[in-house]
Amino acid sequence: MTDTSVRQDSPTAPQQSAPEGGDAAPARSLGADARRQLARSPLFWVSAALISVFVLMAIWPSLFTTVSPNESILRESRSLPSSDAWFGRDFQGYDIYSRVIYGARASILVGIFTTTFTVLVGGMIGTLAAYNGGWIDGIISRITDMFFAVPFILGAILFMSALADSFTSYFGVIFKVVLALTIFGWPSLARLMRSSVLTVLPNDYIRATKALGASPWRIIRSHIIPNAMGPMIVVATINLGAYIAAEATLSFLGIGLTPPVVSWGVMINDSIVGLRTTPHMILFPSLFLSLTVLAFIMLGDAVRDAFDPKSR
Amino acid sequence: MTDTTTKTKPSGHTYEPVDGRLLDVEDLHVEFHTEEGVARAINGVSFHLDQGESLAILGESGSGKSVTAQAIMGILDMPPAVIPQGSIRYCGQDLLTMPDEQRRHVRGPEISIIFQDALSSLNPVFPVGWQIAEMFRTHRGMNKSDALDQAVRLMERVQIPAARDRVKAYPHQFSGGMRQRIMIAMAIALDPAVLIADEPTTALDVTVQAQIMSLLQELQEERQMGLILITHDLGVVADVADRIAVMYAGRLVEKANVDELYASPAHPYTRGLLESIPRLDQKGQTLAAIGGLPPNLMRIPPGCAFNPRCRMARDVCRTDVPPLREVAPGRLSACHFAEEVLDA
């Protein structure tokens with residue numbers, strides 16, 4: 001501090017080539033700080049590696065297998081893992097390894113799209129509620145309460161059965177699942193965003209920006225959202241895993257993705273009858289599903305640690 | 001300045017002062033409607049500000065000085081705040097009746113403000129240069145690199161060393177004094193005609209206080225701004241202010257030129273404030289203090305609000321509100337016995 005004030009005494013003096021005030025460390029934003037923290041976290045690298053593999057599977061399944069997931073060899077139905085079919089074959093004589101690879105696409109698509117939509121919808125509505133306050137906040141908060149009153153799976157089941165006969169193409173079904181999960185997933189993010197915007201709003205820099213003539217839209221976009229979105233990003237990352245599990249749950253119940261779409265949930269559903277006689281049929285899709293969900297939850301944890309200075 | 005910045009008008013301002021008069025606040029009232037009742041934060045405050053003039057508004061916590069600043073800026077949270085009465089005219093235009101969108105364009109280019117705590121007044125997630133540049137980008141539509149150039153120039157103007165290297169630094173990397181300089185840079189970025197400094201040095205240590213005050217004074221003279229300096233610190237304003245308005249419980253109790261006020265206060269409250277400044281030649285003596293506490297704004301005592309703490313209070317003080325009246329040429333005081341105070 002003495003150092004500082006001495007320099008400030010002669011602010012125009014030429015010898016001030018070195019800027020004062022704790023700049024031994026280079027300038028870092030909150031984001032850059034978080035990135036550095038992430039780079040040092042083994043949790044992050046393990047989850048990132050797993051996720052990269054699954055995403056690669058979703059984009060180019062042919063990189064991992066040359067066998068078509070719909071190539072049926074009925075006489076080898078229910079055969080155990082072998083050099084020919086690494087994970088064995090299911091009732092229809094499909095190669096389980098190939099189907100597990102091809103099944104990644106549906107899960108990843110559902111997870112990513114649902115997360116994107118819930119973040120957009122929930123974030124927007126939550127910000128709107130907190131920024132406007134008053135009756136707008138009241139109405140939005142009551143609406144989120146109403147959604148919380150409906151059990152997630154029950155709501156999704158109702159939605160999916162109501163739309164059972166429409167959108168039956170591959171992407172149509174995925175879209176339906178995403179829609180169902182988004183409808184029942186946004187309220188929690190909206191609540192989270194609302195509360196974190198409320199903590200940002202009373203800060204002086206929001207008042208200062210307002211006092212210096214910024215428009216409401218600019219205040220929200222440049223000043224509120226960047227400061228308030230941290231918690232939502234963390235929860236959304238963790239939710240991504242949960243949405244993949246929810247998709248598998250719906251497919252398992254027979255109302256999510258349905259054959260011929262290949263998905264882990266569908267595979268688990270198909271093989272449940274052989275649980276005691278041919279457990280390998282259920283083992284591999286379950287393993288991949290668990291690994292994917294685990295990877296995203298681990299990533300969420302790593303991101304949370306990186307964004308939350310208190311956890312260091 | 002580049003062409004884009006000077007195109008609008010010779011002065012760059014949408015409004016032109018009438019006879020040098022920038023700001024005219026008349027009979028301003030502000031109330032806060034809370035669940036416990038109505039807090040009358042400002043009860044009929046009137047003052048004006050001319051071009052190139054600096055006015056200090058002096059008062060202790062809760063006297064309504066910051067609320068006055070926020071009312072002028074239009075950043076009071078309404079509700080709970082209500083302005084039941086009064087007008088704030090900027091260059092003849094009443095700000096209180098102006099549509100929101102029009103008023104937004106007054107904030108920044110015409111009237112600007114510096115807050116007490118510069119750390120919390122700067123957005124922690126953006127570099128300071130970006131935040132200064134934002135002023136030029138939103139109000140003048142400059143492109144990114146031009147705006148950043150301007151930001152560097154402003155940072156140099158407010159005497160931030162190695163400005164070009166520090167333009168990408170974040171608020172937490174600056175010391176308190178430097179942050180306040182950055183806040184000042186943002187506030188003067190658009191060449192406002194009026195600058196309000198709301199306790200600009202309260203959060204700083206004494207050596208830095210003096211530097212910030214002289215910077216403000218310098219900028220004010222250079223740009224011929226009207227400066228409203230809000231403070232509770234008599235020492236801070238002595239060098240900078242031309243006129244002083246003393247506030248107590250939401251009313252102006254005294255208005256005078258700086259020198260006259262310091263030489264002979266015309267209100268017991270002002271006298272109390274002056275007496276409570278520690279002085280070097282009074283070593284060993286007990287420091288004079290004003291007894292009691294400022295009134296609760298929900299229950300302002302009848303009569304003169306200062307009467308429960310006033311040594312000179314008599315019966316009339318407990319019943320009649322003293323009007324702000326001229327007690328000597330150029331001296332206004334709201335005390336029934338101002339002449340006695342002056343003579344004392």
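Ser121(B) sits in helix H4 of chain B, which spans residues 118-121. The model is predicted. Is Ser121(B) buried or exposed? Its relative accessibility is 2%. The cut-off for buried is under 20%, so Ser121(B) counts as buried.

Which residues does Ser121(B) touch, leaving aside neighbours within four places in sequence? In chain A, the contacts are Asp204(A), Tyr205(A) and Ala208(A). In chain B, they are Phe115(B) and Met183(B).

## Fold of chain B

Chain B holds 13 helices and 12 strands. Along the principal axes, the C-alpha atoms of chain B fill a box of roughly 65 × 50 × 45 Å.

Now the contacts within the chain. Take those in chain B with a separation of 6 or more: 66% of them join residues 24 or more positions apart.

## Burial, surface and charge

Of the 344 residues in chain B, 54% count as buried. Ser121(B) is also counted as buried. Chain B exposes about 14,600 Å². Carbon and sulfur atoms supply 51% of that area.

How far apart are the mean positions of the positive and negative charges of chain B? The chain carries 33 positive and 44 negative charges. Their mean positions are 3 Å apart.

Notes:
Residues numbered from 1 in each chain as written. Chains lettered and ligands numbered in written order. Predicted model: local features only at pLDDT ≥ 70, side-chain atom pairs only at ≥ 80, totals over all residues. Heavy atoms only, no water. Helix = DSSP H or I, 4+ residues; strand = E, 2+ residues; numbered from the N terminus. Buried < 20%, exposed > 50% of the residue type's maximum accessible area, 1.4 Å probe, protein only. Contact = heavy atoms within 4.5 Å. Areas by Shrake-Rupley, 256 points an atom, 1.4 Å probe, with all protein chains shown as cover. Lys, Arg positive; Asp, Glu negative; His and termini not counted. Charge placed at Lys NZ, Arg CZ, Asp CG, Glu CD.
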